[in-house]
Structures are given as C-alpha cells and as structure tokens.
Amino acid sequence: MNAIFSRGPLLGLRLLLAVLCSVGLMVVDRYTERSTQLRSFLTSAVSPLFYVASLPETLLSGATEQFMSHQRLLDENARLKETLLRQNGQLQLLGYLQQENTKLRALLGSAPLTDGQRLVAEILAVYSHPFSHQVVLNKGKNDGVTEHQPLIDEKGVVGQIVSVGPTSSRALLISDNTHAISVRAERTGIRTVAEGLGQWDLLRVIHLPQSADIRVGDRLLTSGLDGLFPEGYPVAEVSRVQQDESQPFMTVYAKPYAQLDRIRHVLLLWPGARLEDVMDAGEPN
C-alpha cells in the first residue's frame with residue numbers, strides 16, 4: 001500500500017538539482033545555437049497571449065481617447081458658435097459705422113478711403129535662433145507678396161516681410177530685437193516707437209519723456225508714420241512703466257496683442273491697393 005503522504009527528495013538535493021539544471025541551461029545557451037531557435041519558437045508561440053492580454057487595455061484606451069476627442073469637439077463647437085455670434089454682432093455694428101463714415105466724408109467733401117487687398121498665408125517654418133524671431137510663409141512673389149509688406153493676425157500686428165521668393169517669403173516679427181514700429185497711445189495720442197527685445201511676449205517703448213502721460217493698460221496702435229503699417233491696428237498693451245527722474249526717458253514695456261509664439265496663419269495687407277484694382281484682379285480673364 002502506498003503511503004498517503006510520500007516524502008520527496010530532501011530540500012538540499014532539490015536545490016542542487018535546480019542549480020545543476022540552471023548551469024546546464026546557461027552552458028547550452030552560451031555555446032549552442034539551438035537555444036536561440038528555441039527561444040524564438042517559444043516567443044512566437046506565446047506572442048498571441050501577449051496580444052490577448054493587452055487587448056482590454058487597448059480597447060479601454062481607445063474608447064477613452066474617442067470619448068475625450070468627442071468632448072473636445074463639442075467644447076470647440078460651442079466656443080466657435082459663441083465667437084461667430086459675437087463677430088456677427090460686430091459686423092452689424094461695423095456696417096453701420098461704415099455707412100455713417102461715408103456720410104460724414106461726403107459732408108466734408110473728402111474722398112473715401114478704399115479697402116486694401118488681403119491675402120491669408122500659412123506659417124511653414126520658424127527660425128530657431130533664440131533672438132531672431134523670423135518665420136517662413138507659404139506665399140511669395142507669384143502671389144504678389146513684396147518686401148516690407150505688413151502682417152497681422154486676428155488680434156493685432158505680427159510683423160513685416162523682409163525677403164521674398166517665388167513661392168515663399170520670410171517675415172520679421174515685431175518681437176525681433178532688430179524690429180521697431182511707430183505707434184501711438186490710443187488714450188492720449190502720444191506717438192512713440194516700440195522695439196523688439198528678442199522675447200515673444202514683450203516689447204520696449206522708447207523715447208518717452210518723464211512727463212509723458214502713459215499708463216499700464218494703455219493700448220498702442222500703429223501710427224502710420226513709418227510708411228509701412230496702416231494706421232489704427234492694435235500692436236501692444238502697456239504692461240509696465242518705470243520712472244527715474246535721473247534719466248531723460250522713462251522705461252516702458254508692452255505686451256503684443258498677437259500671440260507671436262503660436263501663430264499659424266497671418267493676413268498680408270496691401271494698404272495702397274485700390275478696391276477696384278483688387279476686384280479686377282480677382283476676376284478671370
């Protein structure tokens with residue numbers, strides 16, 4: 001009769017056998033090529049199990065990402081509807097103001113100002129130099145782009161064209177440390193110059209005497225005196241004013257309205273173009 005609880009080999013013997021087997025497998029793995037084939041075979045055999053084991057996580061991740069994408073689309077759609085509603089209201093007001101402006105100019109006997117041609121361009125590349133803020137656009141000489149042409153986005157002035165190729169062009173942003181633009185304070189009408197500092201979110205306003213009436217929050221608009229940028233476009237908002245009576249000029253900094261470090265599309269302006277010329281250029285021959 002067999003015993004109910006049979007005693008196996010001693011623990012020491014089991015350990016010795018395990019060590020010998022391990023050493024033997026390492027020797028076989030080191031000096032033979034069959035072990036490589038065996039591992040490859042075993043890996044191929046169990047790979048379906050890995051796919052099956054990771055399937056629930058993959059499905060859950062995909063469902064979560066799809067839900068988040070759907071929610072982002074809903075939020076973006078709501079924001080776009082709100083933006084469209086606001087812009088429609090602004091367009092209605094703009095139409096009324098344009099009519100009133102036309103009537104006033106007719107009363108004054110002055111010639112009406114004509115709209116300039118506009119062209120949307122996309123940013124193709126950004127220069128990586130830490131202080132040279134330049135971008136490459138997908139519009140060039142074939143599209144009518146010229147040097148020193150002003151650029152704006154939906155919030156304010158972006159920069160100007162400095163080099164033009166057949167199908168692309170290079171633009172200098174207002175934050176570049178070599179760029180300067182003539183501006184005026186909307187509240188007081190003071191005219192001055194805003195220059196770039198090599199920082200995306202900061203401009204320096206120069207040549208303002210200590211007695212100048214300038215405050216934090218003042219809007220700086222293009223003055224039109226530089227002959228490049230049309231008058232009245234938003235440039236920056238005064239963010240800091242420092243006064244030192246021992247210095248002839250105060251130190252003023254401003255934050256650009258345009259988000260220069262994340263722009264994707266810009267609008268190129270032809271301030272001198274006549275409206276009828278633009279309409280003729282858009283008609284097919």
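Okay, quick one today. Keep in mind that what you're looking at is a predicted model.

Let's start with the barrel. It's closed, it has 6 strands, and the order runs β1-β2-β5-β4-β3-β12, with antiparallel pairing. Going from one strand to the next, the twist averages 45 degrees. Now look at where β3 meets β12. If you want a residue pair to click on, take L151: its bridge partner in β12 is L268.

Next, the helix end of things. Which residues make the nonpolar surface patch? They're L10, L13, L16, L17 and L20, and together they give a patch of about 490 Å². Take L16 as one of them. L16 sits in helix α1, residues 11-31. Its relative accessibility is 47%, so L16 counts as partly exposed.

You'll find H148 in the loop between β2 (134-137) and β3 (150-152). H207 also has a positive phi near 65 degrees, again in a residue other than glycine. H207 is in the loop between β8 (203-206) and β9 (219-222).

So, are these two exposed or partly exposed? H148 comes out at 44% relative accessibility, so it counts as partly exposed. H207 has a relative accessible area of 53%, and the cut-off for exposed is over 50%, so H207 is exposed.

That's it from me.

Technical notes: Residues numbered from 1 in each chain as written. Predicted model: local features only at pLDDT ≥ 70, side-chain atom pairs only at ≥ 80, totals over all residues. Heavy atoms only, no water. Patch = residues over 30% accessible without salt bridge, like charges linked within 9 Å, V, L, I, M, F, W, Y side chains within 5 Å. Areas by Shrake-Rupley, 256 points an atom, 1.4 Å probe, with all protein chains shown as cover. Salt bridge = Lys/Arg side-chain N within 4 Å of Asp/Glu carboxyl O. Helix = DSSP H or I, 4+ residues; strand = E, 2+ residues; numbered from the N terminus. Buried < 20%, exposed > 50% of the residue type's maximum accessible area, 1.4 Å probe, protein only. Pairing = 2+ DSSP bridges. Axes fitted to C-alpha atoms, helices over the stretch in contact; angles between N-to-C directions.
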